[in-house]
Amino acid sequence: MLKFSYCNATDLNQALVQCRFAGSFGPLSSRRRSPRAAVSCSRSNLTPIQAVLSCQQQVGSDPVESELGSLADRLRLGGLTEDGLSYKEKFIIRCYEVGINKTATIETIANLLQEVGGNHAQSVGFSRDGFATSPTMRKLHLIWVTARMHIEVYKYPAWSDVIEIETWCQNEGRIGTRRDWILKDVATGEVIGRATSKWVMMNEDTRRLQKVSDDVKEEYLVFCPREPRVSGGEQ
């Protein structure tokens with residue numbers, strides 16, 4: 001088994017990655033709705049998560065962004081789980097993602113974790129600008145940066161193997177949030193890796209860490225597991 005840990009909260013340019021949480025809608029408890037939106041978003045047969053996503057898709061969305069997003073969504077082999085509190089996506093290991101031994105490199109694994117995290121954020125309607133920041137965060141010039149990442153690989157997938165990665169996020173502390181991943185071999189169902197990470201909020205202008213406000217929490221906690229859930233990797 002290989003364990004790989006990575007820490008970086010100083011280099012802002014390297015820290016701007018897609019594995020972020022946010023929303024393109026305001027705080028759930030105080031968002032204003034137009035009469036038309038209030039009627040069209042009333043779906044008694046939807047789960048709370050589906051209702052939020054339905055409203056998100058109908059109110060205030062950018063037509064160009066929506067069109068591009070829907071194309072990417074159709075091409076991806078992934079989506080939210082039934083309860084809407086985690087995201088799963090399948091990936092084929094490409095020839096250019098393996099090393100001399102014909103298995104995926106740790107760099108490939110880390111890149112896929114970042115990719116599935118970003119896709120999770122986009123799947124719940126968060127910003128598609130590459131950083132998945134919420135309206136509140138963009139207004140205050142706030143971003144997420146990686147404080148810690150720990151990866152455990154039990155078996156490296158080989159060229160042309162298909163793996164499935166599940167990811168979810170949770171609140172952690174006053175200035176941070178947490179994201180976990182589980183990697184499985186689709187052919188066997190075997191868990192081949194786990195990972196966990198901590199993200200902290202930083203002001204993009206001052207580069208100082210900042211407490212996660214209640215407004216920001218309201219924008220992403222609705223998509224997080226109600227009970228603490230960990231991937232099983234090092235805490």
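What follows looks at confidence, then at the nonpolar cores, and lastly at one threonine.

The mean pLDDT of the chain is 75, with 68% of its residues at 70 or more. Strand S3 (residues 87-92) holds the highest confidence, at a mean of 96, while helix H2 (residues 35-40) has the lowest, at 38. Residues 8-44 have pLDDT below 50, yet this stretch makes 93 contacts in the model beyond near neighbours in sequence. Another stretch below 50 covers residues 54-61, with 14 such contacts. Where pLDDT is low, predicted coordinates should not be read in detail.

Now for the interior. In soluble globular proteins, nonpolar side chains tend to be buried together. Here the largest nonpolar core has 18 residues, and those touching the most other members are Leu-113, Ile-151, Ile-163, Ile-165, Trp-181 and Leu-183. At least two residues each come from S3, helix H5 (106-123) and strands S4 (142-153), S5 (162-172), S6 (176-185) and S7 (191-203). H5 contributes the most, with four residues. Apart from this core lies another, of 16 residues, including Ala-121, Phe-126, Ala-132 and Cys-224.

Finally, turn to Thr-136, which sits in helix H6 (residues 135-139). Is Thr-136 buried or exposed? Thr-136 counts as buried because its relative accessibility is 14%, and the cut-off for buried is under 20%. Leaving aside residues up to four places away in sequence, Thr-136 touches Asp-215, Val-216 and Glu-219.

How values were computed: Residues are numbered from 1 along each chain as its sequence is written. This is a predicted model: local features need pLDDT of at least 70, side-chain atom pairs count only at pLDDT 80 or more; totals for chains, interfaces and linings use all residues. Side-chain values use heavy atoms; hydrogens and water are left out. Buried means under 20% relative accessible area, exposed over 50%, partly exposed in between (1.4 Å probe, protein chains only). Contact means heavy atoms within 4.5 Å. pLDDT is the predictor's confidence in each residue, from 0 to 100. A nonpolar core is a set of buried Ala, Val, Leu, Ile, Met, Phe, Trp, Tyr and Cys residues joined through side-chain atoms within 4.5 Å.
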